[in-house]
Amino acid sequence: MKLVVVSAGLTQPSSTRLLADRLATAVADSADVTTRVVELRELAVGIANNLVTGFPAPALGDALAAVEEADGLIVATPIFTASYSGLFKSFFDLVDHEALTGKPVLIAATGGTARHSLALEHAMRPMFAYLHALVVPTAVYAATEDWAGTDLAQRIDRAAGELADLMVRTPAPAKEEFVPFADLLKGN
């Protein structure tokens, strides 16, 4: 199974990438997956160019294809002004609007304080619900103070287990066969 991790961290090193990596490791401990990481920071210029031209550069096209072909996703973003980053949103604006239908997705975010944790529920979960993804029940938020405790590790394990279970149990959605409109009118 193919697991794709989308990290929207902006710094190097990035706590968002660290959280995404820990989640991916926990999923790999629960299921037989091949993991690919898509680091949005490296695609930022390509994302902006695609938004204005409508054409993805090869690296961006490859990343979009990986997301669309994945059996499951881990998506992680820093929280800015009570929501996901603009880079994160811009990338998912480019993903085919039907590509995530029925796809298991684990949402995660990082931020400076715990008071931003609700962004997972009021911003990220609705966006992926709109895209018809199967969002796992446990979302993982890591504030600065969470990295030292054991609670974060427990949430990571629970969410990763939920994603692994969904990836194993959820068949890929069937591709609809295209029927020309004229044939529909004929009753074929």
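Guide: Helices here are DSSP runs of H or I with at least four residues, strands are runs of E with at least two, and both are numbered from the N terminus. Please keep in mind that this is a predicted model, in which local features need pLDDT of at least 70 and side-chain atom pairs count only at pLDDT 80 or more, while totals for chains, interfaces and linings use all residues. Residues are numbered from 1 along each chain as its sequence is written, and side-chain values use heavy atoms, with hydrogens and water left out.

The structure holds five aromatic pairs, where a pair means that the ring centres of Phe, Tyr or Trp (for Trp, its six-membered ring) lie within 6.5 Å, and where planes under 30 degrees apart count as stacked, over 60 as edge-to-face and the rest as tilted. Phe-88 and Phe-92 form one of these pairs, a tilted one, with 5.0 Å from centre to centre and 55° between the planes. Both residues are buried, a word that stands for under 20% relative accessible area, whereas exposed stands for over 50% and partly exposed for what lies in between, using a 1.4 Å probe and protein chains only. Phe-92 also pairs with Phe-128: their ring centres are 5.0 Å apart and their planes stand at 80°, so this pair is edge-to-face. Because Phe-92 lies in helix α4 and Phe-128 in helix α5, the pair ties together parts that are 36 residues apart in sequence. Phe-92 counts as buried because its relative accessibility is 2%, and Phe-128, with a relative accessible area of 0%, is buried as well. If you now look at the rings as a group, you will find that Tyr-84, Phe-88, Phe-91, Phe-92 and Phe-128 form one aromatic cluster.

Leaving aside its neighbours within four places in sequence, Phe-88 is in contact (heavy atoms within 4.5 Å) with Ala-8, Leu-40, Val-75, Ala-76, Thr-77, Met-124, Met-127 and Phe-128.

A nonpolar core is a set of buried Ala, Val, Leu, Ile, Met, Phe, Trp, Tyr and Cys residues joined through side-chain atoms within 4.5 Å. In the largest such core, which has 40 residues, the members that touch the most others are Leu-40, Val-75, Phe-88, Phe-91, Phe-92 and Phe-128. The elements that give two or more residues to this core are β1 (2-7), α3, β3 (72-80), α4, β5 (104-111), α5 (119-130) and β7 (140-143). Of these, α5 provides the largest share, six residues. There is also a second, separate core of 25 residues, which includes Leu-19, Val-27, Leu-163 and Leu-166. As a general background, nonpolar side chains in soluble globular proteins tend to be buried together.

Helix α4 also has a partner in α3. Helix α3 (residues 58-69) and helix α4 (residues 86-94) pack at an angle of about 75°, with their axes 10 Å apart; this makes α3 roughly perpendicular to α4. The axes are lines fitted to C-alpha atoms, for helices over the stretch in contact, and the angles run from 0 to 180 degrees between N-to-C directions. Angles under 35 degrees count as roughly parallel, over 145 as roughly antiparallel, 65 to 115 as roughly perpendicular and the rest as oblique. From the side of α3, Leu-60, Ala-63, Leu-64 and Val-67 meet Phe-91, Phe-92 and Leu-94 of α4. The residues of this contact divide into seven nonpolar, no polar and no charged, where Ala, Val, Leu, Ile, Met, Phe, Trp, Tyr, Cys and Pro count as nonpolar, Asp, Glu, Lys and Arg as charged, and the others, Gly among them, as polar.

Ala-82 sits in the loop between β3 and β4 (83-84), and it has a positive phi of about 65° although it is not a glycine. With a relative accessible area of 35%, Ala-82 is partly exposed, whereas Phe-88 and Phe-92, with which we began, are both buried.
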